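Please find below a short note for a colleague who is new to this entry. The points are numbered and can be taken in order.

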Amino acid sequence: MASAPAPASAYVQPPPLTGSARLWGTLALSAATFMNVLDTSIANVSLPAIAGDLGVSPNQGTWVITSFGVANAIAVPLTGWLSQRFGQVRLFTTSVILFVITSWLCGLAPNMTTLIFLRVLQGLVAGPMIPLSQALLLSSYPKALAGLAMALWSMTTLIAPVMGPLLGGWITDNISWPWIFYINIPVGFAAAFITWSIFRKRESVTRKLPIDSVGLALLVIWVGALQIMLDKGQELDWFHSGEVIALGIIALVGLIAFVIWELTEEHPVVDLTLFKKRNFWAGALALSVGYGLFFGNVVLLPLWLQQYMGYTATQAGMVLAPVGIFALLLSPVVGKNIAKVDPRRFAAFAFMVFALVLWMRSNFNTQADFRTIMIPTIIQGVAMAFFFIPLVTITLSGISPDKIPAASGLSNFVRITAGSFGTSIATTIWQDRAAMHHAQISEYVNQGSTATNSTLTGLAGAGLTPDQALGTINRLVDQQAYMLAANDVFYVSALIFLLLIPLVFLTRHTRAGAGSADAAAGAH
């Protein structure tokens, strides 16, 4: 048997960056991450324009979102293997350049089939960008400032999904939808050039490891089947459809086979042994469930505002934009103090603030004005600042330096997948609860109701025909039903956030800043 390659720990890590090199390196890595995360949500409000332009229904248009999400989730866990094979700096720079090229091609797509294919390619090449930007950023800072590095990085990953609908709506309304992809071109090329200029002499050690082709195939099968099932489930009436049942079986069998194979493979595509560590599995679970709830509600709120409160896409984006105020102000504070305070306390505080915000939203009614709807969004920025940094610190604590890229890739895979699941589950429950509330409210709309008769009389007096009057009442019932359904989702989400607090305290409290310090030490 050939002698084993030198362990990654034998590689001498370059000293942290200083001065303008660190500043420009941070800006380049953050810009690339922002561009990547922005693409998960920027097309949401542009779907009707894209579908209309390319001659398909809005339902088919949703594949523009899901195709990117599925491909991205599948590619993220490969980061560990790819970075060891090709080097972190080389892989990251290549990933950014390919992302820019596929973005340009997406804007030029002549039909929906081509656009979906290109979005799959875009998602695949984007996979390594987020975990590697995190690793390279941590390697740029001394251990004492590792928390600050995490704060700078987390701001881009949490603010970008919120800014996406606002920017996408404005571009679609004022320019044209292909520009939601074209804006990546200058940002991406600049980020790639600066990153290569600064980091090319700090390349990580490479090892030629065999690719786990069976594990990769199983990963593609079960993740793809599960995401398609969640996306098409509502349209096909869930398990009343043979197609959904088949997808569910494929996903379940694929997952079981994937777990068995990866645990017995010498060079697995995903290192599932990381889940043996309590801090990793509990931290990753709290992070992914919390992110799934956050992302599901970020999608739900503008949907409700646009469809039933009369908001335009740009106005709905404006309601969500202030979430970045406190996140930007407080994230550096959290980063500086993460080494002094038990990160579990920070995470628990974040969950309590998220619960408060969602409880406030659960009390909305159809008379809520712009200011009332915006206040919880502003407060939510506090939760975001205290959410990401402590949970990533907990998740990566106690992991050996050579496994940091794989751990970061796996935790990001779980988080991205949970975001997709959260979106599908939140919108499905919203529709189901709205149907129930509609049926209940409709019981009070009858000829024996004084309110119904007086409303019909008033509408008839305004010149509406009987059918038009009933249509108007049905629209009012719809508005109330979907408002009550949104309240239900917000309220249940608040309760789940509170239930996550004990999960955080299942983790072990490591030495202050250990997670960030280990991450910094193992970033190269």
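1. Which residues does W430 touch, not counting residues up to four places away in sequence? W430 touches L300, L303, W304, Q307, Y308, Y482, A485, A486 and V489, where a contact means heavy atoms within 4.5 Å.

2. On the basis of the note: this is a predicted model, in which local features need pLDDT of at least 70 and side-chain atom pairs count only at pLDDT 80 or more, while totals for chains, interfaces and linings use all residues. Residues are numbered from 1 along each chain as its sequence is written, and side-chain values use heavy atoms, with hydrogens and water left out.

3. W430 is also among the residues that touch the most other members of the largest nonpolar core, together with L115, W304, F351, F387 and L391, in a set of 139 residues. Such a core joins buried Ala, Val, Leu, Ile, Met, Phe, Trp, Tyr and Cys residues through side-chain atoms within 4.5 Å. Helix α14 (residues 278-308) gives the largest share of this core, 15 residues; helices are DSSP runs of H or I, at least four residues long, numbered from the N terminus.

4. S95 lies in helix α6 (residues 88-108) and is buried, with a relative accessible area of 4%, because buried means under 20%, exposed over 50% and partly exposed in between (1.4 Å probe, protein chains only). Leaving aside neighbours within four places in sequence, S95 is in contact with V125, A126, P128 and M129.

5. V492 belongs to helix α21 and, at 45% relative accessibility, counts as partly exposed.

Note on methods: Helix = DSSP H or I, 4+ residues; strand = E, 2+ residues; numbered from the N terminus.
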